[in-house]
Amino acid sequence: GCDIKALPGLNLDELTDESVTFTYDVVWSWSDVRWASRWDNYLQMRSGLGKIHWFAILNSLMILLFLSGMVAMILLRTLHRDIAKYNELATAEEVREESGWKLVHGDVFRTPEYSAILAVSVGSGMQLLCMSILTLIFAVLGLLSPARRGGLLQTMMLLFTLMGVFAGYVAGRMIKLFDGDASRWKSISLLTAFLYPGLFFLVFFLLNLFIWGEKSSGAVPFTTMFALLVLWFGVSVPLVLLGSHAGFRKEPIELPVLVSKLPREVPEHPWFVHPAFTCLLGGVLPFGAVFTELFFIMASIWLHQFYYLFGFLALVLVILLVTCAEISIAMTYFHLTAEDHRWWWISFSASASSAIYVFLYSILFFSNNLHLQGFVGKLLYIGYMSTASVMFSLLTGSIGCISSFFFVRVIYGSIKID
């Protein structure tokens, strides 16, 4: 080693024009360990934290499997009894008066309020879901290194751009299901291409202005911003238009029941059956599926720790998808049973409300783990976590809405309706 005491001292004076040159040497050595596994040693150094991570993941998995099984059992048993009862009454013609969720069969597929916003939100959520799945596949296969965080971000942005075709397709299919007006595909396509991507870009640009104002080296240069705009307008927008056009050209999804001309009045319900309360309650379960992994992801981003457990993250994503589908289906069924046919936004919000808990958790993480000084640092944290929460709400809400649609389509196709 180097004997520091044997080195001569160096005194620097601010008034003199002196310079110090720092040098270092790099020696490359051959390794038999493949590139995808070279970060395992750094992870093994944190074995205590790894055990906590294993225990938390296993605990969350067991709880979620139990709750999911309970929800599925209740729905299957209740639905089987309801369908058998409705078909028996229809066959025997003993009772003419309908009750329960069969009573709203003429309104269950009625176009919801703000249908264009719902279609765009679901389409953008599917775009984010496809991006997340492909990113995790590349990460699990070892194609993305945790040492190159910029490479991970670039991959996600490129995949998000390419997945715009799915956003346009889903939005086009939904808006054609709602009103069938073929002339609306252009307006829906443009809204899908610019609403949420434009919102994200605007937040990113404004936050970057504050970084420029601080003269920080972390500011994104204008050339990169221009490249993002070229990627957005040159690749994403045409793909969204292509997907939307393909969605409108297909035949509309066949519905098992017709929509009545006059909407049915929704009866009054107590406060605990109000959609706002039930949706907020439904968001707890999807958040419970990700809150453990969320800590490690946020620690990787804000505390500069390595995150290499992409296998766990893939498992959490699967659990999240199943949980969002089941909780939205459950809330949809409960509201239909209460003769409330406004299930479109309920199914979306029941899962999307988990983003509220994600944002609140980010505030808790900020107060307990981060000590950011200055207004700009706090503003960056709030801005980026708000954007991430909106993305999370779109992803989870789209899963819940699509799952509930197929659920409603199946149950109303299983009963006899005069």
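Biologist: Why is Phe222 called exposed?

Modeller: In this predicted model, Phe222 has a relative accessibility of 59%. Exposed means over 50%, so Phe222 counts as exposed.

Biologist: What makes the ring pair of Trp212 and Phe222 stacked?

Modeller: The ring centres of Trp212 and Phe222 are 4.4 Å apart, and their planes stand at 25 degrees. Rings pair if their centres lie within 6.5 Å, and planes under 30 degrees apart count as stacked; the pair is therefore stacked. Trp212 lies in helix 6 and Phe222 in helix 7, 10 residues apart, and the pair is one that links distant parts of the chain. Trp212, at 24% relative accessibility, counts as partly exposed.

Biologist: What makes the pair of Phe295 and Phe296 edge-to-face?

Modeller: The planes of Phe295 and Phe296 are 80 degrees apart, and the centres are separated by 5.6 Å. An angle over 60 degrees counts as edge-to-face, so that is the class of this pair. Phe295 is partly exposed at 29% relative accessibility, whereas Phe296 is buried at 13%.

Biologist: How many aromatic pairs are counted, and which residues do ring pairs link into a cluster?

Modeller: The count comes to 25 aromatic pairs. The cluster consists of Phe194, Phe201, Phe205, Trp212, Phe222, Trp232 and Phe233.

Biologist: How do you know that the span of helix 6 agrees with its number of residues?

Modeller: Helix 6 runs over residues 185–213 and has 29 residues.

Biologist: Why is Glu339 called partly exposed?

Modeller: Its relative accessibility is 21%. Buried means under 20% and exposed over 50%, so Glu339 falls in between and counts as partly exposed. Glu339 also has a positive phi, near 65 degrees, and is placed in the loop between helix 10 and helix 11.

Biologist: What makes the contact of Glu339 with Arg264 a salt bridge?

Modeller: The closest N and O atoms of Glu339 and Arg264 are 3.9 Å apart. The cut-off is within 4 Å, so the pair qualifies as a salt bridge. The pair links distant parts of the chain, with Arg264 in the loop between helix 7 and helix 8, 75 residues from Glu339. Arg264 counts as partly exposed, at 34% relative accessibility.

Biologist: How many salt bridges does the structure hold?

Modeller: The structure holds three. Another of them joins Arg110 to Asp107, with the closest N and O atoms 2.7 Å apart; both of these residues are buried. Asp340 and Arg342 also meet in a salt bridge, at 2.9 Å from N to O. Asp340 is buried with a relative accessible area of 1%, whereas Arg342 is partly exposed with 44%.

Biologist: How do you know that Ser393 is buried?

Modeller: Ser393 has 15% relative accessibility. Buried means under 20%, so Ser393 counts as buried. Ser393 is found in helix 13. Beyond its neighbours within four places in sequence, Ser393 is in contact with Phe348, Ala352 and Ala355.

Biologist: Which residues touch the most other members of the largest nonpolar core?

Modeller: They are Met174, Trp344 and Tyr412, in a core of 74 residues. Helix 13 supplies the largest share of this core, 12 residues. A second, separate core has nine residues, including Leu136, Phe296, Phe310 and Leu313.

Technical notes
Residues are numbered from 1 along each chain as its sequence is written. This is a predicted model: local features need pLDDT of at least 70, side-chain atom pairs count only at pLDDT 80 or more; totals for chains, interfaces and linings use all residues. Side-chain values use heavy atoms; hydrogens and water are left out. Helices (H or I, at least four residues) and strands (E, at least two) are DSSP runs, numbered from the N terminus. The expected span of a helix is 1.5 Å times one less than its number of residues. Buried means under 20% relative accessible area, exposed over 50%, partly exposed in between (1.4 Å probe, protein chains only). Contact means heavy atoms within 4.5 Å. A nonpolar core is a set of buried Ala, Val, Leu, Ile, Met, Phe, Trp, Tyr and Cys residues joined through side-chain atoms within 4.5 Å. A salt bridge is a side-chain nitrogen of Lys or Arg within 4 Å of a carboxyl oxygen of Asp or Glu. Rings of Phe, Tyr and Trp (its six-membered ring) pair if their centres lie within 6.5 Å; planes under 30 degrees apart count as stacked, over 60 as edge-to-face and the rest as tilted.
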